[in-house]
Amino acid sequence: MGESQQKKVVTIGGGTGTFVVLSGLKHIPSVSLKAVVSVADDGGSTGRLRDGYGFLPLGDARQALLALADENGATLMRALFNYRFSKGDIAGHNFGNLFLTALTDILGTDSEAIEAASQILRVEGRVVPVSDTPATLIAELENGESITCEHNIDERVYGRSPIKSLTAETSIDISHDAKDAVHEADVLILGPGDLYTSTLANFVVSGLSEEVKTSKAKLVYIMNLFTKAGQTDGYSAQNHIDAIERHIGRKPDIVVLHTGVFPEKILKRYADENEFPVVDDLPENNNIIRGVFADVVEAQQLEGDTVPRSFIRHNPEKISEIFKTLL
Amino acid sequence: MSKKPQFKVFRRVRTHLKAIFMPSKTPGSRYHAVKNAVISGHKFIVNAKRIVTIGGGTGTFVTLSALKSISNISLSAIVSVADDGGSTGRLRDSYGYLPVGDARQALVALAKDGTLLRDLFTYRFSKGDIAGHNLGNLLLTALTDKLGSEGAAIRATSEILRVKGYVVPVSEHPATLIAELENGEKLVGQHTINARPPGGTPIINLSTKENVALSDEAELAAESADIIILGPGDLYTSTLANFAVPGLTDAVKRSNAKIIYFVNLFSTAAETPGYTASKHVEEITRYVGRRPDCIVVHTGELSEDILNYYAGKKAFPTIDDLGEDETVIRSSIADIVALPKIEGDAIERSIIRHDPKKIASIVQSFL
C-alpha cells in the first residue's frame, strides 16, 4: 500500500479510551495512525515522576505506544511496559513510565524517548504529545469555584458543580508534531474517554482548537458509554457534543453512539459509583452512527483485586469496522 | 585440553542430568537445562575453554568486560546473592527476591556494547521518590515477578541485552552475610560489613544466616571450569561472600581448574585493614580450599592524587610481601578511571581500576 493511498487518521485523547481505538484501527492496512496525547497527567506513577523530574508526563503516551505496538513482537517488553510494581517504595510505579523517564533523561528530549520506545516496542504509527511542555489543568465550575490539577478533576465527586471551562494554568503551545499531525489528517477522532481529563485536556493547549477548526478532516466523536461522576454527571449525548463544541469551536461531523442494552449487573456496578448510561437524545440522521459497539470485559481494576471485575468497553474490532466503511 | 580425567566428564553429565530431571524443576528451567547441556556438549567437542569468574560488584564487572573480548571461550559469572544495600537492598526488603545488584553488573559487563538498552540498564534515577533506584534492578525485579523466577529473569535479560556468556547466581535463595570478628562481635548484612567505620577488628569468619544451598548452575559452572578467576573486588563482601554458600568450595575443589587471583590494589578500612598481599592470598586459600595457581599483583607507583583520595577513605595500597614466588605475576595493571560520583547513587564508587586489557592478556596467557 503506497503512502499516498493511506488515510491519515489522528486520534486526540489519552487513557484507556484512546487505547481501545488505536488497538482497533492499527489493523486496518489503509490507515496511517497518529495519536495526539495529553500532557496534563499528574496523578499516580506519572505524577510522582513529573514531580521529581519535571519531564513531560508520558503516562498517556505510554498507553498509546502499547496500543500501537506489534502484537507479535517484543512480547516481553510489552508486558513490562504495562507492569506495575506493587511493593516497597516503588509500589504504584509503572515500569513503562520509569523506562520512558530514563530514556528522556538519557536522550535529552521526550520526543526522542518516544521514538526510541517506538522502536523497542515495534510501534506502527506515531505517538505525539500535544505539547512539549507539561500542562496543569484548571477546571472552572459553574458555582465559581475552580479545581487545579488533572488528578483532582478526575476524582469521582458525584454531584459536583458542573465544569464550565477547562484551561491550562500557564499558557502552553501546541507542539510542531501535533500541529503537523492535525494539519495533515484526513480523519480526526475524539473519544471515547473522560470528556474533560482525557479528551478536552488536549485543547487547553493553545493552537490545537484553531488547527482542528480549520482542518478539512472529518471530525468523528466516539460517544462515551457512561457518564463519569464529577465530570459529566447527568450529561446526555447532546450535552457531550455541546461541551466539545464549546471548547473546540467545531461540531463533530460524525458521532458514533452505542445503543445496546447493558446487563443489570453492570448497570448496578456503575450505579454504585453514580455513573449511568449516556442517554441518546440525538436526532435521527446519517451523521449519527448507532449500533452495538461495546462489550463487557473482565479486568482487574485495582492492585490487589483478586476477583476480576466486569467493565463495559468499546470493542476495538467493532470500532475498526465502523472506520472501514467510513474511510 | 592436556588432561581431562574421565570422572570429571561423568560428573558433568550427571550434573546436567540432575538439572534436567530433578522433579523440582519447572518446564522453563528444564528447557534451559537441556539447551545448556547441548551447548556444553558442543563446547566440549570444540574444546572451548571454560572460564568462570566468582565474585560480584565492580571488580567482577571489570574482569568480565575484559574477558568478553576473548573469542572461543565459554564464560560464566558466578555472582553473590548477599547484596542488601542501596537500590538492591530496598527491592530485596520488599520483594524478597534474589538480590539483583551483582547479577545486573555482570549482565552489563557481558552485554553487547553501545546499545541504548545497555545504557538504560545501567541508568540510575536521581530524583523524586525513586531516587537511587537503578532501572536494571527494577527491570530484573519486574521480570522475576512476571516470569516466576530469578533464573528466567536473568536469561530473558541476557537475550534483551545480547549478553555473551552466562550469569549464574551462586544460590537460588537470598543470603544474609554474617562476619565474625576477632573480638567476638558479629556483623550482619553485606552492607553493614562493607560500610563499617574504620578501626574495627579483623574478620575471622564469614557465613550466611540462612541455610542456603549452592545452585545447580553454579555447581556445574564451578566444577567444569578450566580457569577460575577470583578478584579483584571487596575480599569478603564480593569475592568470599560466594564461598559462604556451602558447596562452592567443594565444587571448586572437584574441578581441575587453574585459579587466578587478582589481588586488590587497595586494602580497605572496612574489610581488609592492613592486609598485605600474602594475607589476602591466605584468606582466599582458607575459603577456597586451595592456594591460587596464579596470583596477580599490581606493581608501580600510584599518583599522589589517588593515594590522597584513598587515604581520605582510610584505604591504602596493598603491600606486596609475596616475595620470590613463581606463581606470582607482577605487572603494572592498574588504570585510573575518571568516575565522578554518580548522581543519585548512595554508594561510593572507587576511581582506580584494573585495566581490562591487561587482565585479558594475563588470562589469555593461560589459554
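**Reading the contacts, sheet and domains**

Modeller: In chain B, 19 residues are in contact with 21 residues of chain A. The model is a predicted one.

Colleague: How do you know that these residues of chain B are in contact with chain A?

Modeller: Two residues are in contact if their C-beta atoms lie within 7 Å. By that cut-off, 19 residues of chain B and 21 of chain A qualify. On chain B, the elements giving two or more residues to this side are α4 (86-95), α6 (116-121) and α7 (135-147). The most come from α4(B), with 5 residues. By type, this side of chain B holds 10 nonpolar, 3 polar and 6 charged residues.

Colleague: Why is chain A called as compact as a globular protein of its length?

Modeller: The globule rule gives 20 Å for 327 residues, and the radius of gyration of chain A is 19 Å, which is close to that value, so chain A is as compact as a globular protein of that length. Chain A has 13 helices and 12 strands, and its C-alpha atoms fill a box of roughly 50 × 50 × 40 Å along the principal axes. Among contacts in chain A with a separation of 6 or more, 75% join residues 24 or more positions apart.

Colleague: What makes β5 and β6 of chain B edge strands?

Modeller: The sheet is open, with 3 strands in the order β5-β4-β6 of chain B and antiparallel pairing. Strands β5 (186-188) and β6 (203-208) each pair on one side only, and that puts them at the edges. Neighbouring strands of the sheet are turned by 20° against each other on average, direction ignored.

Colleague: How do you know that β4(B) pairs with β5(B) and with β6(B)?

Modeller: Pairing requires at least two bridges. Strand β4(B), residues 177-181, has 3 bridges to β5(B) and 5 to β6(B), so both pairs pass. Both are antiparallel.

Colleague: How do you know that chain B is divided into domain 1 and domain 2?

Modeller: The bounds come from an automatic or database domain assignment, with domain 1 at 1-47 and domain 2 at 49-364. Their C-alpha centres lie 26 Å apart, and the contact takes 12 residues from each of the two domains.

Colleague: Which helices of domain 1 of chain B supply at least two residues of the side that touches domain 2 of chain B?

Modeller: Helices α1 (6-21) and α2 (27-46) of chain B do, and α1(B) gives the most, with 6 residues. This side of domain 1 divides into 1 nonpolar, 5 polar and 6 charged residues.

Definitions and conventions
Residues are numbered from 1 along each chain as its sequence is written. Chains are lettered from A and ligands numbered from 1 in the order in which they are written. This is a predicted model: local features need pLDDT of at least 70, side-chain atom pairs count only at pLDDT 80 or more; totals for chains, interfaces and linings use all residues. Helices (H or I, at least four residues) and strands (E, at least two) are DSSP runs, numbered from the N terminus. Ala, Val, Leu, Ile, Met, Phe, Trp, Tyr, Cys and Pro count as nonpolar, Asp, Glu, Lys and Arg as charged, and the others, Gly among them, as polar. Axes are lines fitted to C-alpha atoms, for helices over the stretch in contact, and angles run from 0 to 180 degrees between N-to-C directions. The radius of gyration is taken over C-alpha atoms; the globule rule is 2.2 Å times the number of residues to the power 0.38.
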